[in-house]
Amino acid sequence: MHFADISPRIKLSFEASPEHRDHDAVFGRGVAQLCRGVDRTGSLNKAAKELGMAYSKAWRIMKHTEETFDIRLLDRNGAHGSTLTDDGKKLLEAYDELQADIERYARERLAAIAKRA
């Protein structure tokens, strides 16, 4: 295998600051996928099903993340579905932008290191 056949894989996650870290939840790939699904479908249930996850598990993950970060990610309208809050959209956008930046940097650095090898 050559460096050209290798790509870096970086898993970004956000954690609450130490003074708010009563829980162990992180905002990472799974929560981001649920948020994207809610934004696209208007439903946490549909977002969970797309990921092969039970609604109850998705609900617990989102609630736990909201409690840990002291931020409301979703507006829940019962049978009418859910939408991302403005804060939820901002956090997801920050996550996606930073993830893309990190992946781009890692690819560039790996290419530079490969040239030295």
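Begin by selecting helix H3. How many residues does H3 have, and what span should they cover? H3 has 15 residues, which at 1.5 Å a residue should span 21 Å; its end C-alpha atoms lie 21 Å apart, which agrees. The expected span of a helix is taken as 1.5 Å times one less than its number of residues. Helices (H or I, at least four residues) and strands (E, at least two) are DSSP runs, numbered from the N terminus.

The model is a predicted one, in which local features need pLDDT of at least 70 and side-chain atom pairs count only at pLDDT 80 or more, while totals for chains, interfaces and linings use all residues. Residues are numbered from 1 along each chain as its sequence is written, and side-chain values use heavy atoms, with hydrogens and water left out.

**The buried face of H3**

Within H3, select Ala 58, Met 62, Thr 65, Glu 66, Thr 68 and Phe 69, which are its buried residues. Here, buried means under 20% relative accessible area, exposed means over 50%, and partly exposed lies in between (1.4 Å probe, protein chains only). Now turn the view to look down the axis of H3: the buried residues fall within an arc of 165 degrees, so they line one face of the helix. The arc is that of the directions from the helix axis to the C-beta atoms. What do the buried residues of H3 pack against? Their partners are S1, S2, H1, H2 and S3, contact meaning heavy atoms within 4.5 Å.

Centre the view next on Thr 65, a residue of helix H3. Its relative accessibility is 2%, so Thr 65 counts as buried. Leaving aside residues up to four places away in sequence, Thr 65 touches Ala 25, Val 26, Phe 27, Val 31 and Leu 73. Before leaving the helix, select Asp 70, which follows H3 and has a positive phi, near 50 degrees.

**The aromatic cluster**

Select Phe 14, Phe 27 and Tyr 95, which ring pairs link into a cluster. A pair of aromatic rings is described by the distance of the centres and the angle of the planes. Rings of Phe, Tyr and Trp (its six-membered ring) pair if their centres lie within 6.5 Å; planes under 30 degrees apart count as stacked, over 60 as edge-to-face and the rest as tilted. By this rule the structure has three aromatic pairs.

Stacked or edge-to-face: how do Phe 14 and Phe 27 meet? Their ring centres are 6.1 Å apart and their planes stand at 25 degrees, so the pair is stacked. Phe 14 belongs to strand S1 (residues 14-15) and Phe 27 to strand S2 (residues 26-27), so that this pair links distant parts of the chain, 13 residues apart. Phe 14 counts as buried at 18% relative accessibility, and Phe 27 is buried at 0%.

Move on to Phe 27 and Tyr 95, whose ring centres are 5.6 Å apart with planes at 65 degrees, so the pair is edge-to-face. Because Phe 27 lies in strand S2 and Tyr 95 in helix H4 (residues 86-116), this pair ties together parts that are 68 residues apart in sequence. Both Phe 27 and Tyr 95 are buried.

**The salt bridges**

Side chains of opposite charge can pair when their charged atoms come close. A salt bridge is a side-chain nitrogen of Lys or Arg within 4 Å of a carboxyl oxygen of Asp or Glu, and the structure holds five.

Arg 76 lies in strand S3 (residues 74-76) and Glu 66 in helix H3 (residues 55-69), so the pair ties together parts that are ten residues apart in sequence. Glu 66 is buried at 7% relative accessibility, whereas Arg 76 is partly exposed at 33%.

Select Glu 50 and Arg 40 next, a salt bridge with its closest N and O atoms 2.2 Å apart. Glu 50 lies in helix H2 (residues 44-50) and Arg 40 in helix H1 (residues 29-41), so this pair also ties together parts ten residues apart in sequence. Glu 50 is partly exposed at 46%, and Arg 40 counts as exposed at 55%.

Finally, select Arg 104 and Asp 101, whose side chains meet in a salt bridge (2.4 Å, N to O). Both lie in helix H4, three residues apart, about one turn of the helix.
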